[in-house]
Amino acid sequence: MNQVIKPDEMTPRERMEAFSAGKEIDRIPCSPFLGEACAPLFGHTIKEHNFSKEVIIDVAIRSFETFRPDSIGVGPGLQGIPEAMGSEFKFRTIWKIN
């Protein structure tokens with residue numbers, strides 16, 4: 001089965017505004033959670049991502065440039081909420097992808 005992916009006809013902003021207004025859009029909006037999961041792709045550890053605003057910004061920008069989603073969100077991640085409620089969290093991951 002040969003399938004051709006058509007180029008986008010709308011910008012992410014146009015798509016999301018049309019979607020919010022119930023208007024027709026060129027494709028289904030795509031807004032995956034990229035955050036800390038992508039940090040190693042750009043040479044950062046997950047710990048660096050969670051404790052450095054510069055790394056968070058770098059990962060968000062590079063994720064957008066690489067994957068071109070319709071939006072990028074920045075949040076506490078899966079360990080951030082329990083940690084905010086008083087749980088202790090230890091980062092054991094030290095690997096990087098080069």
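In the predicted model, confidence is highest in helix H1 (residues 12–20), at a mean pLDDT of 93, and lowest in helix H5 (residues 77–84), at 72. The average over the protein is a pLDDT of 84, and 86% of the residues score at least 70. Where pLDDT is low, the predicted coordinates should not be read in detail.

The largest nonpolar core consists of 6 residues: Leu34, Cys38, Ala39, Phe42, Val55 and Val59. Cys38 has a relative accessible area of 6% and is therefore classed as buried, the cut-off being under 20%. Beyond residues up to four places away in sequence, Cys38 touches Val59, Ser63 and Phe67.

Ser63 is located in helix H4, which spans residues 53–67. Its relative accessible area is 1%, so Ser63 is buried. A polar atom of the Ser63 side chain lies 2.7 Å from the backbone oxygen of Val59. With neighbours within four places in sequence left aside, the contacts of Ser63 are Leu34, Cys38, Phe42, Arg68, Pro69 and Ile72.

Cys30 is partly exposed, with a relative accessible area of 38%, whereas Cys38 is buried at 6%. A disulfide is a covalent bond between the sulfur atoms of two cysteines. A search of the whole structure returned 0 disulfides.

Note on methods:
Residues are numbered from 1 along each chain as its sequence is written. This is a predicted model: local features need pLDDT of at least 70, side-chain atom pairs count only at pLDDT 80 or more; totals for chains, interfaces and linings use all residues. Side-chain values use heavy atoms; hydrogens and water are left out. Helices (H or I, at least four residues) and strands (E, at least two) are DSSP runs, numbered from the N terminus. Buried means under 20% relative accessible area, exposed over 50%, partly exposed in between (1.4 Å probe, protein chains only). A polar contact is a pair of N or O atoms within 3.5 Å; within protein, one must be able to donate a hydrogen and the other to accept it, and residues adjacent in sequence count only if both atoms are side-chain atoms. Contact means heavy atoms within 4.5 Å. pLDDT is the predictor's confidence in each residue, from 0 to 100. A nonpolar core is a set of buried Ala, Val, Leu, Ile, Met, Phe, Trp, Tyr and Cys residues joined through side-chain atoms within 4.5 Å. A disulfide is a pair of cysteine sulfur atoms within 2.5 Å.
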